[in-house]
Amino acid sequence: MAGKEATLVLLDVGASMYEPYKQAQGKKITRLELAVDCIGMMIQQKIFNYKNHEVGLVLFGTEDAEDGNTFYIQTLSSPDLEFYRNLTELPNHDIPKIIGGDIFDALDKSVSTLDEYVKTKKMDKKIFVLTAGFGQTEYNEKKIAKLIKMIEKVDVKINFIALDFMNEYDAELDDPSKPENQETLNDRMLNAVYESQEQSINSRLVYYMVQELRSHMRIFPANIAFELYSQFHTKQMQARASFRGDFQINDETSISVLVYKRCTEEKLPSLKKHSATGEFSSEPTRNVVRNDTIHYNPEDPNMTPIERENIIKGYLYGRSLIPVDSIMEDKMKYQCVRSFQLLGFVDKSQIPRHYFMSSVDMVVAIDCEKAKKSLSSLIIALIATKKIAIARFVGREKSSPKMVVLLPHKSKSYQCFWMIALPTSEDIRHFQFAALRKSTPHQQIAVASLIDKMDLEALPNESGEPEELLKMKYIANPTRQYFQQVVMHKAITRTDVIPPISPLILEYLHPEQRVYNYAQDAIQRVKNAFKFKVNEIKKPQDKKVFWKQLFDEQTTQQQQAQQQIEEEVVEINREEEEMVNMFAKQKLGFNDDIIQEIGSVDPISDFKKMITEKRVDLVDSALQQIQKVIIGLVDQSVKGSFFPKALECLKEMRRACISEDEAPVFNKFLFVLKDKYNQSIFWAQIVQQGITLISNIENQKSGVTAEEAQDFLNKEDNKHQQMVDQLQHEEEDLLADIE
């Protein structure tokens, strides 16, 4: 968990904050209500997650302040329920006469207060400013320069939240390394139009401070509500390596790496039961309900308690119960050494996304130049070849080994592997489902169009540019957020009423309306492609029903179902016929079912289809491709694993050349094989199986006589005969081992 932190929240409570928030997208909410909601979310996070954080609240622009501007409603301390209750009551106060507070006066005093409070304590210092910018100020650039120096000296981080104010600011354009973007942003800020002169002055001074305090101050225009909320709902975690060791590439090569948790499952905090009959106390350890468990022998009539030390586990072996103590149980566990080993590489397409089983870890090299270069070279090589790595990972001693996939990732600032666990055969469950009715091509096209239209990653915005609709970095965990909201509500109101989830949080979880409007045409096509009907549920009748009536109803239902199936079959056949006719009208005609290329999975079947194709002449192409396939199978064989498949392809090519009058092609190819593999086992197998030249007796276009074809194999030297004999002996030995 993150370390200690001191945070001051400066909230403008002038009359301008009670006006409606203009960027609320149709929802009725004031600027102050939005600001209070955001601060309340931050306080919830501090109460539940950060016990070492201290928060203070400063109101400026209030008439109750002694200096006319700033009023401390909560000094720096650990936030509690009373703090949260006082905050939620702020929007119910009377509207003040002052339109807004002095931003820079409040900021100046808060920086001094924060510095005086922290002093030598090791705490991170932060300030949040929420305002609409309508307040008058006496500060000029000279005073602002002094304030800037003090902020740098105190080393405080300032987050400026602008409500309906400075919406023209874009942090992505505010980059000194890109002068063209900086000029665009400067023109935009100088030419911005505001409701009042005070907003214009405050905007210019705030923008000047940001330019001078790039590492200490950031601006967040609140024109998008969930971006504003994202500044308060994030849970900061310290980066701690879950694994530190060697990533073993092979027996001689290893890379020292660190493994960090990239994302993990979010779990709700555990709750303890407190007694309602005891005297109320704010201490969390008082009145806690404890459960005491007593063990006894069920055959003991006196129910004498048994001490936990005298209890031992037992496992059934048939009908016998075998006692197993803790020492024996530890010995029976699988003993696994902590390790991280590379197993191999596969194409990225071989691991679909639904194989990912658990959370994502991040694998980086240690802070060593040699390790960084080694890991970087492996990452870049995998990205270039479009491959991913498979590894065996054991995070700690005696833990279960995992088979993981390593996805290479490269960005401008870092390079790493994303590590995700993969399933084994024991993890895969095969579910049996009823057969679905066959869909028509028209229905498939309609559904595919609907899926494309409802893609949340590339939805056009108002200007027509693609935009990601559901940005995960701005999404709070709705379960955890609602849990905290309910606990805080019940703690304050002390009622059993469950509050509704915050509408601004709920809004980004339901972007359906915009998606539905964009996909209206695709939805209509799906409605036209499928026949929808209402399934009416018949109410039970309280009258007697005879068996003959039930039999007649079942018969009628079966006939109707059979008729519906027959109608759907007719419809499917009609649409399939239309699709075939549409394809037949193409330029070459029926090209979709023509095999154009011989694959490596079933080359003989593909070769036969190309040779026998009557619509297009593919004989020459088929003969050229089968030759490449045969040579590829021989070259890729490991200890002759693909030789039988290559021989079958060669035999099929010989038969085709005889039937298609292409004998010279086969004879020429056989000479090529002899020259290339004269000293290999593959050629010895050709000699053994008697695959020789095509003679003029088999095909008239051949220039080889029967005697020459016979002598082609008979004239082989003794070396080939020895290879043949050796092959035969190996086959006999293999058969003997099998028997």
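Helix H3 (residues 103-118) packs against helix H4 (residues 141-154) at an angle of about 25 degrees, and their axes lie 10 Å apart. Angles under 35 degrees count as roughly parallel, so H3 is roughly parallel to H4. The crossing of the two helices, H3 and H4, is left-handed. The model is a predicted one.

The contact draws on several residues of each helix. H3 contributes Phe-104, Leu-107, Asp-108, Val-111, Ser-112 and Asp-115. These meet Ile-144, Leu-147, Met-150, Ile-151 and Val-154 in H4. By class, the contact of H3 with H4 comprises eight nonpolar, one polar and two charged residues.

Strand pairing was examined next. Strand E14 (residues 361-365) is mostly covered, with five of its five residues buried. In a regular strand, side chains alternate between the two faces of the sheet. Both faces of E14 are covered. Asp-361, Val-363 and Ala-365 are buried on one side. Met-362 and Val-364 are buried on the other.

E14 pairs with strand E8 (residues 254-261) in the antiparallel sense, over five bridges. Within this pairing, Val-257 has Ala-365 in E14 as its bridge partner. Ala-365 is also one of the buried residues of E14. E14 is joined by three bridges to strand E17 (residues 415-421), and these two strands run antiparallel. Here Asp-361 stands opposite Met-419 in E17. Asp-361, like Ala-365, is buried.

A hairpin is formed by strands E11 and E12. E11 (residues 313-317) and E12 (residues 320-324) pair in the antiparallel sense over five bridges. Tyr-317 stands opposite Ser-320 in E12. Two residues lie between the strands. Gly-318, in the turn, has a positive phi of about 70 degrees.

The cut-off for a buried residue is under 20%. Ile-604 makes contacts beyond its neighbours within four places in sequence. The partners are Glu-648, Cys-649 and Glu-652. Met-653 is 49 residues from Ile-604 in sequence, and the C-alpha to C-alpha distance between Ile-604 and Met-653 is 8.8 Å.

Technical notes. Residues numbered from 1 in each chain as written. Predicted model: local features only at pLDDT ≥ 70, side-chain atom pairs only at ≥ 80, totals over all residues. Heavy atoms only, no water. Axes fitted to C-alpha atoms, helices over the stretch in contact; angles between N-to-C directions. Helix = DSSP H or I, 4+ residues; strand = E, 2+ residues; numbered from the N terminus. Parallel < 35°, antiparallel > 145°, perpendicular 65-115°, else oblique. Left-handed = near helix turned anticlockwise from the far one by under 90°. Contact = heavy atoms within 4.5 Å. Nonpolar A, V, L, I, M, F, W, Y, C, P; charged D, E, K, R; others polar. Pairing = 2+ DSSP bridges. Buried < 20%, exposed > 50% of the residue type's maximum accessible area, 1.4 Å probe, protein only.
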